[in-house]
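Look over the sequence and the 3D view before you read on. The report below takes one region at a time.

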Amino acid sequence: MLKIYNTLTRKKEVFTPRIEGKVGMYVCGMTVYDYCHVGHARVMVVFDTVARYLRYSGYDLTYVRNVTDIDDKIIQRANENGEDISQLTERFIDAMHEDERALSVLPPDHEPKATQSIPDIISMIEVLIKNGLAYVGNNGDVFYAVTKFDNYGKLSGKNLDDLQAGERVDVDLAKHNPLDFVLWKMAKANEPAWESPWGLGRPGWHIECSAMSTCCLGNHFDIHGGGMDLQFPHHENEIAQSEGATGETFVNVWMHNGFVRINEEKMSKSLGNFFTVREVLKQYKPEIIRFFILSSHYRSPLNYSDEQLNEAGTALTRLYTALRDCDANSQDFDMEYKARFDQAMEDDFNTPVALSVLFDLARELNKSKDLKDKAASLAATLKQLAGLLGILQEDPESFLKSGAVNGESESDAAIDQLVQDRLNAKQSKNWALADSIRDNLKALGVIVEDSPNGTSSWRRE
RNA sequence: GGCUGCGUAGCAAAACGGUUAUGCAGUGGCCUGCAAAGCCAUCUACGGCGGUUCGACUCCGCCCGCAGCCUCCA
């Protein structure tokens with residue numbers, strides 16, 4: 001029985017899809033004016049893991065994650081670069097896909113772009129105006145009138161009076177209420193613009209997601225996800241727009257992932273304390289980043305540091321070491337571990353506990369290496385369950401032998417030779433030589449491990 | 001100021017009203033020519049003060065500390 005924490009009710013709820021066996025899930029994606037940082041990676045990995053688990057549970061999932069490819073920052077960045085807007089966005093969309101693939105994030109089923117959803121956006125705004133929830137301001141922009149929507153604030157637990165009190169938005173005289181937000185902006189000179197009933201302009205950010213999600217998944221769908229910071233105002237506004245336009249419930253379950261932090265502070269572009277995925281990939285194997293993200297619960301904060309990444313690497317090495325020289329292709333799975341793993345995942349996708357089951361499994365596998373059938377079953381179970389988290393799918397030997405950083409050390413063949421030399425020295429009981437070869441290898445970042453049958457294997461640190 | 005949420009051992013991170021989390025690190029042992037890996041054992045905990053209870057890290061209240069949102073942000 002899958003339970004998911006719903007931000008709307010602040011409780012874990014038993015998940016029941018609207019239509020039996022089918023799930024629609026929408027996640028707010030990136031605004032593509034720069035490379036993805038680790039915070040973005042967390043969203044991608046978290047919801048990829050959710051998607052994988054829903055599919056494994058037998059649901060027919062439609063997973064939609066949008067791309068915001070028109071907004072102020074994009075326009076600004078393109079101007080700074082002297083680059084065409086679409087050229088800039090295409091470039092960063094490609095980079096995002098590259099990062100995704102590196103992190104074993106499976107592509108969503110649909111990836112709508114704001115610029116390709118303009119007609120849907122316009123028609124939704126028209127309905128909102130018709131329903132009396134939106135108005136054209138005296139500067140020509142179209143605004144949403146928050147006071148006209150009854151439950152404004154129900155997701156974030158805010159009410160309009162509190163918001164008013166803490167109000168620190170610049171006063172915009174075109175708005176009836178300072179909290180009203182823009183649905184359609186009039187075009188400025190040299191900005192991309194589309195024809196609309198209100199003149200040449202472009203959509204506001206919030207309406208894009210309302211239009212794209214309902215367009216791909218219907219007026220009412222099961223799961224909507226995104227980072228914590230989108231709770232207010234973005235998701236609150238989406239509810240107001242979508243429910244205001246369709247008159248139907250918009251979303252059943254709202255899921256929000258916690259932030260990646262650096263020194264107890266949110267990683268963000270505005271604070272400038274971020275690491276891009278590609279930067280981190282220069283130092284760590286992609287699977288280590290994925291493991292690191294999964295090692296804490298998706299709603300908890302995740303502190304980014306080299307120590308944490310290094311630990312994730314050590315932990316992964318332990319799992320791969322257990323799998324080394326094992327036949328993991330058995331179809332005979334260990335149901336006890338599987339059940340424990342499922343139980344963890346069904347409790348609001350508790351990946352830290354799911355990982356701990358994997359470690360228990362690895363320990364038992366290490367103890368059972370002599371029992372062929374049991375070892376095969378445990379290894380197959382370990383690999384299959386880890387696969388649901390998107391880890392441990394590489395060949396153990398190649399994972400262990402690949403360096404943390406991009407190449408540049410001794411070649412595998414050269415290392416093999418040195419290891420063989422050492423074995424020869426060992427055979428003639430020349431311990432001094434054998435040990436000095438091992439020390440030399442260690443200096444090259446290579447660890448040699450002898451096995452009881454007289455052979456040696458090696459791995460890179 | 002308003003609204004969320006958090007505070008677990010050296011570090012990271014979970015669960016649970018009474019029973020081993022788990023990973024890394026430490027200590028002792030087994031294994032090894034010696035190591036490494038692996039296995040076994042083991043030491044460090046539940047921010048503070050009250051309350052409920054036969055019993056609370058786990059429920060309730062207060063206090064302290066931290067983070068996030070209230071402006072674009074994953």
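In which sense do strand β11 and β13 pair, and over how many bridges? They pair in the parallel sense, over two bridges.

## Ground rules

This is a predicted model: local features need pLDDT of at least 70, side-chain atom pairs count only at pLDDT 80 or more, and totals for chains, interfaces and linings use all residues. Residues are numbered from 1 along each chain as its sequence is written, chains are lettered from A and ligands numbered from 1 in the order in which they are written, and side-chain values use heavy atoms, with hydrogens and water left out.

Strand β11 covers residues 260–262. Helices (H or I, at least four residues) and strands (E, at least two) are DSSP runs, numbered from the N terminus. Two strands pair if DSSP finds at least two bridges between them. Strands of a sheet pair through backbone hydrogen bonds, either parallel or antiparallel.

The open sheet here has three strands, in the order β12-β11-β13, and its pairing is mixed. At the edges are β12 (265–266) and β13 (302–303), and each pairs on one side only. Find Val-260: its bridge partner in β13 is Leu-302.

## Around the RNA

Val-260 also meets RNA strand B. A polar backbone atom of Val-260 is 3.0 Å from a base nitrogen of the RNA. This is a polar contact (a pair of N or O atoms within 3.5 Å; within protein, one must be able to donate a hydrogen and the other to accept it, and residues adjacent in sequence count only if both atoms are side-chain atoms). For Glu-449, a polar side-chain atom lies 3.3 Å from a sugar or linking oxygen.

How many residues surround RNA strand B? There are 63, and the closest are Trp-205, Gly-227, Leu-230, Val-353 and Arg-438. A residue is near the strand if one of its heavy atoms lies within 4 Å of it. Helix α12 (residues 351–367) gives the largest share of this surface, eight residues. By class, the surface has 17 nonpolar, 24 polar and 22 charged residues. Ala, Val, Leu, Ile, Met, Phe, Trp, Tyr, Cys and Pro count as nonpolar, Asp, Glu, Lys and Arg as charged, and the others, Gly among them, as polar. Now turn to the RNA side. Of the RNA atoms within 4 Å of the protein, 66% belong to sugar or phosphate and the rest to bases.

## A hairpin

Strand β14 (residues 446–450) pairs with β15 in the antiparallel sense, over five bridges. Val-448 has Trp-458 as its bridge partner in β15. The hairpin has five residues between the strands, and Gly-454 takes a positive phi near 95 degrees.

In a regular strand the side chains alternate between the two faces of the sheet. Strand β15 (residues 456–460) has a covered face of Ser-456, Trp-458 and Arg-460. Its uncovered face holds Ser-457 and Arg-459.

## A pocket by the hairpin

The second largest pocket has a volume of about 410 Å³. Of its 14 lining residues, the closest to its centre are Asp-325, Asp-450, Ser-451, Pro-452 and Ser-457. The lining divides into two nonpolar, seven polar and five charged residues.

On a 1 Å grid over the protein atoms alone, a pocket is an open set of points with protein on both sides within 12 Å along at least five of seven lines, a cavity is a set where a 1.4 Å probe fits but cannot get out, and lining residues have an atom within 4 Å of a point. Grid points are joined across faces, edges and corners, and a volume is the space filled by probe spheres set on the points.

The whole structure has two cavities of 30 Å³ or more. About 80 Å³ of space lies in the largest cavity. Its lining takes two or more residues from α1 (38–56) and from α9 (286–294). Helix α1 gives the most, with three residues. The lining has six nonpolar, four polar and no charged residues.

The second largest cavity has a volume of about 40 Å³. Again α1 gives the most to the lining, here with four residues. This lining has five nonpolar, no polar and three charged residues. Among them are Asp-48, Arg-52 and Arg-55.

Definitions and conventions. Buried < 20%, exposed > 50% of the residue type's maximum accessible area, 1.4 Å probe, protein only.
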